[in-house]
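Please look through the sequence and the structure shown here before reading on.

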Amino acid sequence: MKTKFDYKGIRSEFPFLSRKVNQKPIIYLDSAASSQKPQNVIDQLVKTYSQSYSNIHRGLHTLSEEATNSYEEVRLKIARFINAYSKEEIIFTSGATMSINLIANSYGLSKLKPNDEIIITVAEHHANIIPWQMLCEKTGAKLIAVPVDKDGSFHISALKQRITKNTRIISVPHVSNVLGTVFPIKEISQIAHENKAICVVDGCQGVTHMPVDIQDLNCDFYVFSGHKLYGPSGIGVCWGRAEILADMPPFLGGGDMIDNVEIDSSTFAIPPSRFEAGTPPIAECIALGAAVDFVTKIGMKNIENHEKSVLSYGHQRLASVKGLSFVGTSPNKSGVISFTLKSAHPHDISTLIDQDGVAIRAGHHCAQPLMKFLNLNSTARASVAIYTEPEDFDALAISLEKVNRIFGA
Ligand code: PMP
């Protein structure tokens with residue numbers, strides 16, 4: 001099977017593909033958990049640490065200025081990448097989890113009152129549940145979850161039914177990390193605004209798979225992690241509208257986020273610095289810039305098309321495996337194929353196929369409420385990236401058939 005896109009050359013930019021696992025060429029189908037890194041990202045990390053490393057925003061010497069400039073260039077790069085209104089709207093965090101905690105603790109804590117309501121969906125990653133639960137405990141607000149269909153589709157009508165005059169925040173995934181469902185963010189944002197609420201988007205599984213234009217999506221916050229976008233771990237992004245950020249108090253206190261400090265009280269810097277307390281992961285941020293260069297050069301639309309075609313082949317190929325049921329079959333899907341096998345538990349599947357060098361994820365995928373909603377305790381999940389090829393799904397299917405034979409299916 002051929003995809004139209006020439007991904008072979010791109011594969012050669014990923015050194016991990018040359019390694020073997022259990023004497024077999026690696027088949028990496030766990031990119032939704034974390035993606036592998038292209039050479040230019042690895043090179044950039046090494047280059048920063050070996051040539052231009054220093055702390056940022058403080059030093060007046062050459063290395064500090066170089067590191068500061070490179071760090072700030074990434075802010076601009078990210079702003080352009082997601083079409084933010086300005087680079088000051090880009091806050092660097094340690095990842096999506098920290099970004100949502102920042103929004104909950106800063107925006108949420110300063111704005112919400114008892115009986116206000118926060119709407120999420122049943123399909124959330126725990127990172128888009130727990131910070132809101134903690135906020136509800138502190139403020140007396142209520143957390144409400146919108147269901148999805150059994151096939152994983154999300155219906156705007158289900159959201160509309162749950163909106164009340166007390167709705168303040170609607171926080172949804174761009175793409176579910178279990179079901180692959182692509183959520184209609186534009187419509188959700190519009191409904192949020194019509195009801196004087198804000199729309200927060202967990203973009204962890206969105207920005208990696210498709211072009212993101214936050215002006216078009218018209219949301220109020222969009223968060224993601226660098227490590228899923230071919231960048232290093234420890235660095236992530238919280239994009240927020242300038243006018244909302246300007247009105248938010250700091251979440252974490254320390255160096256770099258201040259204006260003037262007295263022993264009794266202090267004043268704080270304007271955004272984004274207000275929300276970047278302490279020394280950030282400098283080299284990791286600069287390497288995230290290299291990751292953005294990497295995907296920009298390929299084109300997010302090309303990445304989306306390639307992955308769609310691989311995913312479609314994957315569905316077709318896995319459908320032939322005896323006893324396999326897909327979990328999440330909504331028409332608009334991206335990134336992942338979750339499934340169960342009649343013959344074996346997902347953990348056993350994952351352990352066994354690792355013998356063939358095939359890496360998938362098995363478990364609840366940090367989405368326990370969704371598992372309970374679906375009456376499952378876990379699934380197996382194969383996920384794709386730009387380096388995934390249709391043949392990876394041939395290898396997975398062959399390996400799963402072996403699992404069936406071992407378990408006597
Ligand atoms: N949301 C979704 C949809 C995710 O897939 C993940 C990572 N699995 C997260 C949030 C949390 O990301 P991180 O652990 O990088 O903060």
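An oxygen atom of the ligand lies 3.5 Å from a polar backbone atom of A96. Two side chains also supply polar contacts (pairs of N or O atoms within 3.5 Å; within protein, one atom must be able to donate a hydrogen and the other to accept it, and residues adjacent in sequence count only if both atoms are side-chain atoms). They are listed with A96 in the table.

| Residue | Part of the residue | Distance to a ligand oxygen |
|---|---|---|
| A96 | polar backbone atom | 3.5 Å |
| T97 | N or O atom of the side chain | 2.6 Å |
| S225 | N or O atom of the side chain | 2.6 Å |

Taken alone, the ligand exposes 400 Å², and the protein buries 85% of this area. Accessible areas are from the Shrake-Rupley method with a 1.4 Å probe, and for residues only the protein chains shown count as cover.

The model is predicted: local features need pLDDT of at least 70 and side-chain atom pairs pLDDT 80 or more, while totals for chains, interfaces and linings use all residues. Residues are numbered from 1 along each chain as its sequence is written, and side-chain values use heavy atoms, with hydrogens and water left out.

The residues around the ligand, meaning those with a heavy atom within 4 Å of it, are A96, T97, H125, A127, N177, D202, C204, Q205, S225, H227 and K228. By class, this shell has 3 nonpolar, 6 polar and 2 charged residues. Here Ala, Val, Leu, Ile, Met, Phe, Trp, Tyr, Cys and Pro count as nonpolar, Asp, Glu, Lys and Arg as charged, and the others, Gly among them, as polar.

D116 sits in the loop between α4 (96–111) and β5 (117–121). Helices (H or I, at least four residues) and strands (E, at least two) are DSSP runs numbered from the N terminus. D116 is buried, at 3% relative accessible area; buried means under 20%, exposed over 50%, and partly exposed in between (1.4 Å probe, protein chains only). What does the side chain of D116 pair with? A polar atom of that side chain lies 2.8 Å from the backbone nitrogen of K113, and a polar contact of 3.4 Å joins the side chains of D116 and R168. Residues up to four places away in sequence aside, D116 touches K111, A141, K142, N166 and R168, where contact means heavy atoms within 4.5 Å.

In helix α5 (residues 130–139), the residues P131, W132, L135, C136 and T139 are buried. They lie on the same side of α5, because they cover an arc of only 140° around the axis; the arc is that of the directions from the helix axis to the C-beta atoms. These buried residues pack against α4, β5, β6 (142–146), β7 (167–173) and β8 (198–202). G140 follows α5 and has a positive phi, near 80°.

L159, in helix α6 (residues 156–162), is buried at 1% relative accessibility. Beyond neighbours within four places in sequence, L159 contacts I119, V146, F154, I170, I188 and I191. L159 and I188 are 29 residues apart in sequence, with their C-alpha atoms 8.2 Å apart.

Some backbone angles remain. Most residues other than glycine have a negative phi, and most peptide bonds are trans. The bond from P271 to P272 is cis, with omega near 5°, and P272 lies in the loop between β12 (266–268) and α10 (282–298). H365, in the loop between β16 (361–363) and α13 (368–373), has a positive phi of about 55° and is buried at 2% relative accessible area. C366 lies in the loop between β16 and α13; its phi is positive, near 55°, and C366 is partly exposed at 24% relative accessibility.
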